[in-house]
Amino acid sequence: MDKIRIVGGAPLNGVIPISGAKNAALPLMIGSLLTKETLTLENMPLLADVTQLERILGNHGVDFSISGKRRGETENAGRTVHFTAREIVDTTAPYELVSRMRASFWVFAPLLARMGECRVSLPGGCAIGTRPVDLLLMALEKLGAKIDIENGYVVGSARNGLVGGDITFDKVTVGGTHVALMAASLARGTTVLRNAAREPEIVDLADCLTKMGARISGAGTSTIEIEGVTSLSGARHTVMPDRIEAGTYAMAVAMTGGDVLLAGARADLFQAAVDALVAAGVKVTETNEGLRVSRNGSGLAAVDVTTAPFPDFPTDLQAQFMALMTRAKGVSRITETIFENRFMHVQELARLGAHIRLDGDTAIVTGADHLEGAPVMATDLRASVSLVIAALAARGETTINRVYHLDRGFERLEKKLSDCGAQIERISGHG
Ligand SMILES: CC(=O)N[C@H]1[C@@H](OP(=O)(O)OP(=O)(O)OC[C@H]2O[C@@H](n3ccc(=O)[nH]c3=O)[C@H](O)[C@@H]2O)O[C@H](CO)[C@@H](O)[C@@H]1O
Ligand SMILES: C=C(OP(=O)(O)O)C(=O)O
């Protein structure tokens, strides 16, 4: 298993290119199952989750080819990938493929909408919480699907096709909104989603589906209306920039000090986190090329944040912000309201000398004078990168084990950071 070794203390200076968003790319790829024609996605990130989803789609019969930039050439960010689901050859998504990545469960919606039947393994448990799929299934039942659970598989049928319906989510769910958007696009009649997720990735999927011929209004607000169509066509769409990757590097620069241009980043996609950084004493400037983030000389102030659905502070940046606050002056309270167990990074940050106390859903972080390098273990995707941020500022050497978590969501992380002056290297598990 690969490890990452970091020697802390170097400020970050230079340019970090922001990749296409993992959390937009995954539902967009799944959307390719809705049409016989080719869906072309530009600015695709090269990530373990994307490769895993390609495997899953391949099992259903999706052909994919890469143009412009070639797979395997690690320098090549922003690939263009063509997905063609001319025929669905298998409507089952097996446990071996689905259990490794939660978003893969979302194939349920296009398979059901296009084929009238599907069988998808329940997604596995996850380090950050239990993550049920009840709201996703509720939405599909409102569209006329019959849902059964058999031997760990969710079996869906809608022999006469899905029909439009009125769906109210009692909790905001990104996955539930993605699934409902895809299914309702091919349902007969009109569907209304209430208390829908407003995340930018929802808007990206809705934009792409609209290019494919779907009739959607209100994406980006809490009420979305979809008028079903009988078939969708191919389209070409550019994956939005990764706001979580951008926020992560912004926090890394805030932590080490320095001056970095996050090329392609947009503040409006993670304004709540930008506001928290500014409150902590970080300078963030919008430019035509992206966001410029700098901190020179001044210390960090403690800031309280509470995670909540968009447009509030994203849960996917909670761990990174906590890492930053371990070096702030004073006490900050970080409250997690989305996932019940998203504090796995706390004990690992403590190994680096962080002072953090947990009180229910709140972490109380008292800024430390300095952090010290140590061996630590990555527990999930964003927790792992919070350890990278802490290690970049810690005295001496930190080794992060289990970095496969990082590879799920960060493209060329070591290169992007070392190009800006960080002392970071990957140690191959076989080396
Ligand atoms: C691939 C992707 O885009 N993943 C993101 C997506 O995950 P995901 O779509 O899985 O997250 P949801 O928005 O659905 O989850 C929000 C909350 O609703 C709960 N819930 C969800 C569905 C359901 O049927 N029942 C239920 O109770 C979840 O357990 C959680 O507490 O949004 C999360 C919240 O912004 C992000 O952290 C993830 O990075
Ligand atoms: C939790 C995340 O992803 P997933 O929903 O795929 O587990 C994430 O991207 O931080």
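Domain bounds in these legends come from an automatic or database domain assignment. The structure is a predicted model, in which local features need pLDDT of at least 70 and side-chain atom pairs count only at pLDDT 80 or more, while totals for chains, interfaces and linings use all residues. Residues are numbered from 1 along each chain as its sequence is written, and chains are lettered from A and ligands numbered from 1 in the order in which they are written.

**View 1. Domain 1 and domain 2.** The protein comprises domain 1 (3–19 + 241–427) and domain 2 (22–235). Their centres, taken over C-alpha atoms, are 30 Å apart.

**View 2. The contact between the domains.** Contacts (C-beta atoms, placed from the backbone, within 7 Å) link 21 residues of domain 1 to 16 residues of domain 2. On the domain 1 side, helix H13 (residues 404–409) gives the most, with 4 residues; helices are DSSP runs of H or I, at least four residues, numbered from the N terminus.

**View 3. The shell around ligand 1.** Ligand 1 is surrounded by 20 residues (C-beta atom, placed from the backbone, within 6 Å), the closest being Asn 23, Leu 135, Thr 173, Val 174 and Gly 175. At least two residues each come from helix H1 (22–31), helix H5 (134–142) and helix H6 (174–185). Domain 1 and domain 2 each contribute at least three residues to this shell.

**View 4. Surroundings of Leu 112.** Excluding residues up to four places away in sequence, Leu 112 touches Glu 117, Cys 118, Leu 140, Ala 145, Gly 156, Ala 158 and Ala 183.

Terms used. Contact = placed C-beta atoms within 7 Å.
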